[in-house]
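The sequence and structure come first.

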Amino acid sequence: MTEAALEAVVQFLLLLAVSPLITGFIRTLKARFQTRRGPGVLQPYRDLHKLFRKGMVIPETASWLFAATPYIVFSTAALAGLMLPMLSTSAPLGLFGGVLAVVYLLGLGRFFLALGGLDTGSSFGGLGSSREMTISALTEPAMMLAVFTVAIGASSTSLSEIARVAVGQQWRFVAPSQMLAFAALFVVLIAETGRIPVDNPATHLELTMIHEAMILEYSGPYLALIEWGAWIKQLVLMLLLVNSFWPYGLQAGWSLADAAASLGILLMKLAALSGCIVLVETTNAKMRLFRVPELLAAAFTLAALALVSTFLF
Amino acid sequence: MGGASPILFNAGLLAYVLGAAAALALVWRPDAARLASFSLALAGAALEMAASAAALAKAPPPAWNLPCGVALFSFGVRLDPLSAYFGLALAVLAASASIYSFGYLRRWPGGTGAGLLGFFYNALLLSLTLVFAASNAFFFLLAWEVMALAAYCLVSFEHEKQETRNAGTLFLIMSHGGTGMLLIAFLVLATASGSLEFADFHLRISALPPAVRTVVLLLFFLGFGVKAGIIPVHVWLPAAHPVAPSNVSALMSGIVIKAGIYGMARVFFDFLGEPPLWIGTLVLAVGVVSGLIGVLYALMEHDLKRLLAYHSIENIGIILTGFGAALLFRSLGHVNLAALALIAGLYHTLNHAIFKCLLFLGAGSVLHATHTRNMEEMGGLIRRLPATAFFFLTGAAAISGLPPLNGFVSEWLTYQALLAGFGTTQSLTRLMFPVAGALLALTAALAAACFVKAFGITFLALPRSGEAERAREAPTSMRLGMAVLAAACVVLGIGAVWFLPVFDPITAQAMGVGISSSLAAGGGLALSAGTPRGGTVSPAAIAGLLLLLSALPAVLWIRRGRRVTGPVWDCGLPGLTAANEYTATAFSKPLRMIFAALYRPRREIQAEFEVSPYYPTAIRFESEIEPSFEKRLYDPIKDRVLAAAGRMRVMQAGSIHAYLAYIFVALVLLLLFGARG
């Protein structure tokens, strides 16, 4: 019991520490791809530090929901992260929820984020909320079907069990069903984390924003919490991909000695996935909003093919 | 006879009867009628709750005859686990709706209104109680018919409005179409078994010849489906539920439609026996389609109560997804999985009853305060109706399936059943399960989008009309009614593991197994899918950890004091007004365009200008979607029926001689038919 609590604390701290790093890495890599220097890998930490020290401006039209939203966004993302295997195949809080709980916890965060966008009465907030809920709703079937394919392979929705099965079969990721499911989940990752071609994380042009539009009125520590929550959510989705499909370096139990090696391998896997994301972001233009459903339909088709190929191969 | 249930049950019925009688007796004194009829309804609900709870734990189900009846037909009552479960759901809803009604009807326009409403309200509760408890087909159909008529009178209560009269008529016609189908099905079954007793129908359907069995199953499914509001026989539901008084809408959407679900559960898991594969497939497909189409139409509604009514169709779809999976698993011989899927469906039945009742009561408070059902005229109500807003938000989160509330638990169980279904067979049919799961995910995500709209536009930001500006919080009794249901949403979510043993007797009766012990994991802390390696989830731990993880940044990083209130960014215009806000129409616009093939939207913009089209003086915007089912399915049927009636009118010449001739011919034909048989 105390061991499990300790594991949870360690993983929580790792989630807090690694998530800004990944965001910084993606931004820097993207800048390099565009032959810019970029602000440096550590910039997200500096941003957090700065924002937490600042004061806040609360819109006069906002209700208590506006203040509750940052906490919910942060805590749902962090709790989802504790249900995933990170360094070890056994997730610290795996008993409390598997892949369905992760998906629904992220949904809870999104629900309140969208309400927070509507709460201020600004048209931009409503615009962001409307688009976010639309896109996430269309992402959901592709995500679930891909997740089901993975879960059926392990005959469990427990993420620890999924990782354990994957560890047992090192070359499984080249099976057609796994590759198709990976491709589907990759599109889901792009859509859920608001990256090009679905949303542009760097934009501040009001009419094209989705995520940014919802949080336009947030400032100071609240903004920091929401941003941190969004980075953790991105890390959670990336962990879902890397540890379900490339389970290398995952330890069977929890031991401090192997933790450093596991962490090193994990960071390399995350860096590789970040590379894929950056490649997609720099080689594509942002889509028109009404072209996004086609992309998500393609993801759904990929997931359906993955499912069919589970018993063809 | 056995235990305390019969006495409590009969006393509850008596309370409802007295409540109806008192309402009529005091019809000219609205205040006294309101207090008397709803106090007695509350007492009846409390007694029925006790009776159902006592019967749930009782091994041979208590069965007895009511002390009245007519020759040949007995008013037999049996509280078996299934009946007691639905009776419990009804009693919880009846209690909270009755508490709510005290305040809701206080400002009802005087006259006989409150008394008549109290009469029909008690009649509805009485008949519903008997629908769930009747133990023979005759009594069941009698109670069913009284329920339909009481519901009709309640739907048509504000009959001064044309909309209400149309909705009431549509409800009555469709309801009777459904009852007709049930009558035929019951008669076939009664002929085959030589009795009207439900006990004699047990496992009887699978013994019928295949062709008859198919017809009987379809009649039952469609007949109960009309009441439940499955697609495509749902059109009465979004018309009838919103026009009723809100306390009645809450009962209608919460539990009256569940009478259809109860009927299906009774037929599929009691009368049927070994189900053929096609019925499970049909129920699953209808469930998934109803869920998706229900939520898609809900998204386009700006009438708060109509939006909720469409969500009832969606949730009936989710319930039937569970039932369909249970039927399929039984056909494939996986009894434990069938029990899991049945539990998922039945749990969602109770959960939906509770949060839908809560949401309709919340909508009633809003209606009470703003005198409109149009969301575009609301806004800012979270400051004016803080308690109502909080309860509505709880219901909205529960119906969107968000953890740790009750909707999440039943949806999670449904997903687990569907996922396990993939391994039950080697044929291609197994692809059905994950695809149904993916569509269920789409349905749930669209429901979340819809409730962001419903809550956000109704309660958040600035008020969009004077009525919303002046809105006042609901009286204490209304808030209390909602509080009970909101608490139930939390308790049934967090305490799901402890509630599940309730289903053991039901699944034992339907499938011969009780699986609740295999659904608990981690020393009763977490819920399990029942398979050794399957998934687990713990709503209680999720709730606790979310609080803990939220408290952490609040304590560590967020400093007090350094916050100022400022205006919202309005692009430099002079101040933010309600006109700047996003509307419900705008919110659902992306989905309206994406699913244009279903909605066939039409819009019209007319701008008036004086100097240049770039400076309009007035803009008129009109947008509507095509009601496809009404237009493409029901209008042709209606036209044919009317045309046929027109032709038949030739016979109705009004001449008494002609009528005498008809009677004579009919008599002769009947005699000939009788002589031959």
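## Conventions

This is a predicted model, in which local features need pLDDT of at least 70 and side-chain atom pairs count only at pLDDT 80 or more, while totals for chains, interfaces and linings use all residues. Residues are numbered from 1 along each chain as its sequence is written, chains are lettered from A and ligands numbered from 1 in the order in which they are written, and side-chain values use heavy atoms, with hydrogens and water left out.

## Aromatic pairs

Rings of Phe, Tyr and Trp (its six-membered ring) pair if their centres lie within 6.5 Å; planes under 30 degrees apart count as stacked, over 60 as edge-to-face and the rest as tilted. By this rule there are 53 aromatic pairs over all chains. One of them is the edge-to-face pair of B:Phe186 and B:Phe220, at 5.1 Å centre to centre and with 80 degrees between the planes. This pair links distant parts of chain B, 34 residues apart: B:Phe186 is in helix H6 (residues 162–193) and B:Phe220 in helix H8 (residues 210–228). Helices (H or I, at least four residues) and strands (E, at least two) are DSSP runs, numbered from the N terminus. B:Phe186 counts as buried because its relative accessibility is 3%, and B:Phe220 is buried at 1%. The classes are buried under 20% relative accessible area, exposed over 50% and partly exposed in between (1.4 Å probe, protein chains only).

B:Phe221 and B:Phe268 form a tilted pair, 6.2 Å centre to centre with 45 degrees between the planes. Here B:Phe221 in helix H8 of chain B is linked to B:Phe268 in helix H10 (residues 246–271) of chain B, 47 residues apart. B:Phe221 is buried at 3% relative accessibility, as is B:Phe268 at 1%. Ring pairs also join a cluster whose members include B:Phe140, B:Trp144, B:Phe186 and B:Phe220.

## Charges over rings

A charge sits over a ring if NZ of Lys or CZ of Arg is within 6 Å of the ring centre and within 35 degrees of the ring normal. B:Lys227 lies over the face of B:Trp144, 5.6 Å from the ring centre. The charged end of B:Arg430 is placed over the ring of B:Phe422, 4.7 Å from its centre.

## Sheet

In chain B, three strands form an open sheet in the order E3-E4-E5, with antiparallel pairing. Strands pair if DSSP finds at least two bridges between them. The edge strands, E3 (520–521) and E5 (536–537) of chain B, each pair on one side only.

## Exposed residue

B:Leu669 lies in helix H27 (residues 656–676) of chain B. B:Leu669 counts as exposed because its relative accessible area is 53%.
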